[in-house]
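Subject: The structure I promised you

Hi,

Here is the structure we talked about, so please open it and have a look around before you read on. My notes come after it.

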Amino acid sequence: MSEKFRADFYQNFIEDDRWKYIVNGLGNTIKITLFAVLLGIALGFLVAIIRSTFEKTGKLKLLNLLCRVYLTVIRGTPVLIQLLLIYFVVFGSVRIDKSLVAILAFGINSGAYVAEIFRSGIMSIDNGQLEAGRSLGFNYSQTMIYIIMPQAFKNVLPALGNEFIVLLKETSVAGYIAIQDLTKGADIIRSRTYSAFMPLMAAAVIYLVMVMIFTYFVQRLERRLRSSDH
Amino acid sequence: MTTNNDALIQVQHLGKSFDRLDVLKDITVDIHKGDVVCVIGPSGSGKSTFLRCLNRLEEPSSGKIFFEGVDITDPKTDIDRHRQKMGMVFQQFNLFPHMTIMRNLTIAPMKLQGRSQREAEEEARKLLDRVGLGDRANSYPSQLSGGQKQRIAIVRALCMRPEVMLFDEPTSALDPEMVGEVLNVMRDLARERMTMVVVTHEMGFAREVATRVMFMDGGYFLEENAPAKFFANPRNERLKNFLSKVL
């Protein structure tokens, strides 16, 4: 048993330096996820601000409409189709770094979900907080920044962490536009060695460990932010 | 647009409607420096709406409000600047739960009036001591009782050194045994000649502290008088009826 395991391991990871598919793939996965998350948070934040400003004050009507179209289209179609459309249609006739395409696609996709997470956080804060801020003389933006946002962020942190986890795993379809991410790397090994268990399990374990590490840090941050609830 | 009237707040023909419901109909009143105006009346009479129009937390539908001679109902007015001089205390306290008490008290003076942290904290500490909460500077609002929260809310407004304090039923959300401590703070303020507009159900407070008591019902001020006369010799029928029920 252990003889066979050792032989399998050697064949899948050591021979021909096949471990490099895993390591390089992991690098690509992390790179795409990280930048897509940043893009998603920036986009989502912007959309959430526009939408909740519209809901609270009735201003920004046109932008709000635009945001709603964005949310409907992105949340209503599969992320893989969005990725393929951006790669083959939007950038079909230009040479462009495929990682950049993936970052754009996953970032734009994630932004829609992050927007709704942020918006629910903003709307969950009692209107009295806005009124208290305004009554002191803060303008709308200052009230948002100093008073509403910090509380909203604390409330949505678990949901935001969840969205990050979803995004990390969703990037595993990047192979469809021939990006060698972690999943694709493992699959390449499988196609070379004709043994599926080891490379795919390796990829699965790496995803799992990344998610667990991330979850640990989110929980620590949550605990820290909870210091004001007693 | 300015006026020559020396009233601190001058309300002219103020009206406010929500959809088709007219909550305020033609309110005209002057509030002078040092006035302690108590507004009483049944629920739904428009008292709170009137108060919230004074700093435009509610947008008036018609009429004008002058504060220190400036028409603050003019859309071109920088309302944020004028609100700095109009402290407001809410029924539900509305302290900022994610900040310590000290931060609650100093954030607005520091961000809006450019005061240094040391200066802002020094003043906050003085005021905290005066309301008997000097030891709570580093607590969070959730660690305080309702009465303590409301005293902090009053201090928060005072830290901006306002010209007038607006109180929107400040004791209505409190347990009965905590009402006294909040009213005491307000009594002290009145003694120091702070201009105050107080929407309240505390008839004892109105009788004792107010310089003027106003009765509101159906969106109108129906009667106004010095507290002694107001409670002893009400003229308006609805006021008589109201007082017979609450006294």
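This is a predicted model: local features need pLDDT of at least 70, side-chain atom pairs count only at pLDDT 80 or more; totals for chains, interfaces and linings use all residues.

**The six-stranded sheet**

Start with chain B, where 6 strands make an open sheet with mixed pairing, in the order β6-β7-β8-β3-β9-β10. If "pairing" is a new word for you: strands of a sheet pair through backbone hydrogen bonds, and they can do so parallel or antiparallel. At the edges of this sheet in chain B you'll find β6 (86-89) and β10 (220-225); each has a single partner strand, so one side of each is left without a neighbour in the sheet. Going from one strand to the next, the twist averages 20 degrees.

For a parallel pair, look at β3 (residues 36-40) and β8 (residues 195-199) of chain B, which are joined by 4 bridges.

**The four-stranded sheet**

Chain B has an open sheet of 4 strands too, this one antiparallel, with the order β2-β1-β4-β5. Its edge strands are β2 (21-31) and β5 (70-71) of chain B, each pairing on one side only. β5(B) pairs with β4 (residues 62-67) of chain B through 2 bridges, in the antiparallel sense, and B:Phe66 sits opposite B:Asp71. Helix α1 (residues 47-54) of chain B packs on this sheet, where it touches β1 (9-18), β2 and β4 and makes about 120 degrees with the direction of β1(B).

**Where chain B meets chain A**

How many residues of chain B are in contact with chain A? There are 25, and they meet 21 residues of chain A. The area buried between the two chains is about 2000 Å², with carbon and sulfur atoms giving 60% of that.

Between chain B and chain A there are 2 salt bridges. One to look up is B:Arg52 with A:Glu131, whose side chains come to 2.6 Å, N to O. Polar contacts across the interface come to 6 residue pairs. On the chain B side, α2 (79-83), β6, α3 (101-113) and α5 (146-158) each supply at least two residues, and α3(B) gives the most, with 4 residues. By type, the residues on that side of chain B are 14 nonpolar, 6 polar and 5 charged.

Notes. Residues are numbered from 1 along each chain as its sequence is written. Chains are lettered from A and ligands numbered from 1 in the order in which they are written. Side-chain values use heavy atoms; hydrogens and water are left out. Two strands pair if DSSP finds at least two bridges between them. Axes are lines fitted to C-alpha atoms, for helices over the stretch in contact, and angles run from 0 to 180 degrees between N-to-C directions. Contact means heavy atoms within 4.5 Å. Buried area is the accessible area (1.4 Å probe) that two parts lose on being put together, summed over both. A salt bridge is a side-chain nitrogen of Lys or Arg within 4 Å of a carboxyl oxygen of Asp or Glu. A polar contact is a pair of N or O atoms within 3.5 Å; within protein, one must be able to donate a hydrogen and the other to accept it, and residues adjacent in sequence count only if both atoms are side-chain atoms. Ala, Val, Leu, Ile, Met, Phe, Trp, Tyr, Cys and Pro count as nonpolar, Asp, Glu, Lys and Arg as charged, and the others, Gly among them, as polar.
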